Amino acid sequence: MMSNFISIRLSVVLIIISIISIQVKASSDGLEGIRKNEPYHVRISFSNQLGTMNMGWNSISATAQKQFVEYGRYPGELKHSAPAQVEESQLEKRNDSLITWVYSARMGGLAPSSKIYYRIATLIENGKLEHTPTRYFYSKPEANAIKNVRFAAYGDQGERNEGAFQVANQLTKLVSPHSSSPLHFALHVGDLAYTFENFTKWNVWSSMMSEVLSTTPYMVTAGNRDEIAILEERLPMPSPYQPMKGHQNMYFEFDYGHVAVVTISYFDLKKDNYSLDSPQFIWLDQILERYHFRVKDVNDPMNWIIVATHTPLYSSSDGHNGGNEQLKQAIEHLLLKYEVSIGIYGDDHNYERTFPVFDSEPDVRYVESSNQNGKVDVFHNPKKPIHLLVGTAGIKLDGWMPGDAPSWSAYREISNGFVKFDISPNECKAQYIRSDGSIRDQFVIIKGENGNSSLLFYPSQAFTFYFVVILLGLGIFCVKKRPQFANFGKIR
């Protein structure tokens with residue numbers, strides 16, 4: 001009896017071990033639990049037209065299945081549909097007889113500033129439809145119809161490392177249905193999964209980031225560790241031109257309310273030896289001029305220009321021994337000329353914020369304030385851009401170059417995290433959030449006389465305000481009671 005009991009226990013242990021082994025093996029490819037013909041790794045991104053949204057996904061089967069998107073304003077009334085184009089993946093080759101299919105669709109007729117529900121339908125053998133769970137995203141607003149634009153920016157993430165998972169978890173919280181103020185988009189400034197021709201790494205990264213990818217427009221500029229072919233197949237961006245021979249054209253622009261984002265492919269500029277006559281440089285000059293014209297138009301709500309690319313203009317990291325001087329010489333004068341407010345970069349694996357700076361000459365004038373999360377640097381109408389190094393989304397971190405921090409470096413630290421922006425028409429608030437959720441660096445840029453005080457609470461200012469109110473109240477009380485006070489102490 002005892003030997004039978006031991007045998008049974010040993011069998012149970014072996015079964016548990018085998019199940020764990022299967023789970024580890026299944027989860028190791030990023031596709032655990034995926035069935036044949038099931039849409040997976042759904043991702044959305046902005047197109048170049050208002051009222052539309054691009055969507056892509058994958059499925060695995062022997063032959064391509066008819067799949068399409070159903071969508072609408074209400075979860076029970078998905079009255080619209082968008083057909084999907086499908087092609088066999090030229091990059092992800094499987095060891096079995098199945099094929100990875102890449103689907104893409106464009107949803108149109110989206111009401112601005114609306115919650116759009118969607119699901120993906122698959123036509124199966126008997127003519128019936130199978131559906132994915134219903135999810136939702138928010139459509140782009142009209143230019144003057146939004147008071148606050150919220151987005152996250154980061155680069156250099158990777159997969160299978162603690163920092164990457166922690167950052168993914170923090171971003172997932174921001175886009176969850178329980179978030180009080182969800183992100184309007186995410187901006188990844190290169191080096192997503194560090195695939196190195198291993199597509200398993202891409203699938204693991206996509207699964208890790210699935211909640212963000214499927215609910216938040218995901219905008220990407222390529223990094224030196226990205227395989228351009230993967231980005232073009234899985235995350236195509238609204239580039240201005242079709243790819244030319246020797247050029248990826250992974251540069252594009254979009255606007256969201258009063259914020260314009262212009263991305264640069266430093267690969268293309270490098271291939272053209274940073275020539276001022278290169279197609280991208282001509283495009284960059286034209287697009288920044290156009291947005292600058294809009295910023296200067298008092299009748300146009302556009303008020304903020306942000307430039308993003310993978311490699312930094314300013315960095316004191318030892319990752320690449322400082323910023324990219326050639327890129328800096330090529331484009332920095334355009335950022336000053338067209339009054340770009342912020343530059344966002346990755347490549348070096350640190351967080352660093354500059355003062356407003358041009359040609360390495362900083363303007364260090366600012367007001368130091370505070371809120372419930374700590375110190376805040378406030379800049380009023382700066383004339384030069386502030387540059388942010390955010391190659392901190394999870395990959396192994398770099399150190400600093402020898403010596404003291406440069407004069408233009410306002411704040412720097414070695415940690416994993418991302419930057420969250422809240423931008424009103426006249427105020428830009430940014431917070432560097434570590435992977436554990438703590439807020440470290442904070443700064444505010446104010447344009448005009450006053451910003452939006454609802455975005456930032458200054459306890460010191462609040463104390464002064466209430467102290468003045470109390471004094472005024474006492475003054476009014478004394479004036480009203482003046483006759484009584486005048487007779488006080490007199491013999492009646």
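A salt bridge is taken here as a side-chain nitrogen of Lys or Arg within 4 Å of a carboxyl oxygen of Asp or Glu. The structure is a predicted model, in which local features need pLDDT of at least 70 and side-chain atom pairs count only at pLDDT 80 or more, whereas totals for chains, interfaces and linings use all residues. Residues are numbered from 1 along each chain as its sequence is written, and side-chain values use heavy atoms, with hydrogens and water left out.

The mean pLDDT of the chain (the predictor's confidence in each residue, from 0 to 100) is 86, and 84% of the residues reach 70 or more. Where pLDDT is low, the predicted coordinates should not be read in detail.

The chain contains ten helices and 26 strands, assigned as DSSP runs (helices H or I, at least four residues; strands E, at least two) and numbered from the N terminus. Of its 492 residues, 50% count as buried, where buried means under 20% relative accessible area, exposed over 50%, and partly exposed in between (1.4 Å probe, protein chains only). Among contacts between residues at least 6 apart in sequence, 70% join residues at least 24 apart.

The structure holds 23 salt bridges. One of them is formed by the side chains of arginine 150 and aspartate 422, with an N to O distance of 2.9 Å. This pair links distant parts of the chain, since arginine 150 belongs to strand β10 (residues 149–154) and aspartate 422 to strand β24 (residues 417–423), 272 residues apart. Arginine 150 and aspartate 422 are both buried.

A further salt bridge joins arginine 294 to aspartate 255 at 3.2 Å, N to O. Arginine 294 lies in helix α7 (residues 279–296) and aspartate 255 in strand β13 (residues 253–256), so the pair ties together parts that are 39 residues apart in sequence. Arginine 294 counts as buried because its relative accessibility is 18%, while aspartate 255, at 23%, counts as partly exposed. Arginine 294 also meets aspartate 300 in a salt bridge of 2.8 Å, N to O, and aspartate 300 is likewise buried. Through shared partners, salt bridges join Lys140, Asp255, Arg294 and Asp300 into one network.

Helix α2 (residues 162–175) has 14 residues and reaches 20 Å from its first C-alpha to its last, close to the 20 Å expected at 1.5 Å a residue; the expected span is 1.5 Å times one less than the number of residues. Its buried residues are Gly163, Ala164, Val167, Ala168, Gln170, Leu171, Leu174 and Val175. Seen down the axis of α2, these fall within an arc of 160°, so they line one face of the helix; the arc is that of the directions from the helix axis to the C-beta atoms. The face turned away from the buried side carries the exposed residues Glu162 and Lys173. The cover over the buried residues of α2 includes β10, α3 (199–208), α4 (210–215), β24 and β25 (427–434).

Strands β20 (residues 367–371) and β21 (residues 374–380) pair in the antiparallel sense over five bridges, pairing being assigned if DSSP finds at least two bridges between two strands. A hairpin through two residues joins β20 to β21. Lysine 375 in β21 is the bridge partner of serine 370.

Key
Contact means heavy atoms within 4.5 Å.
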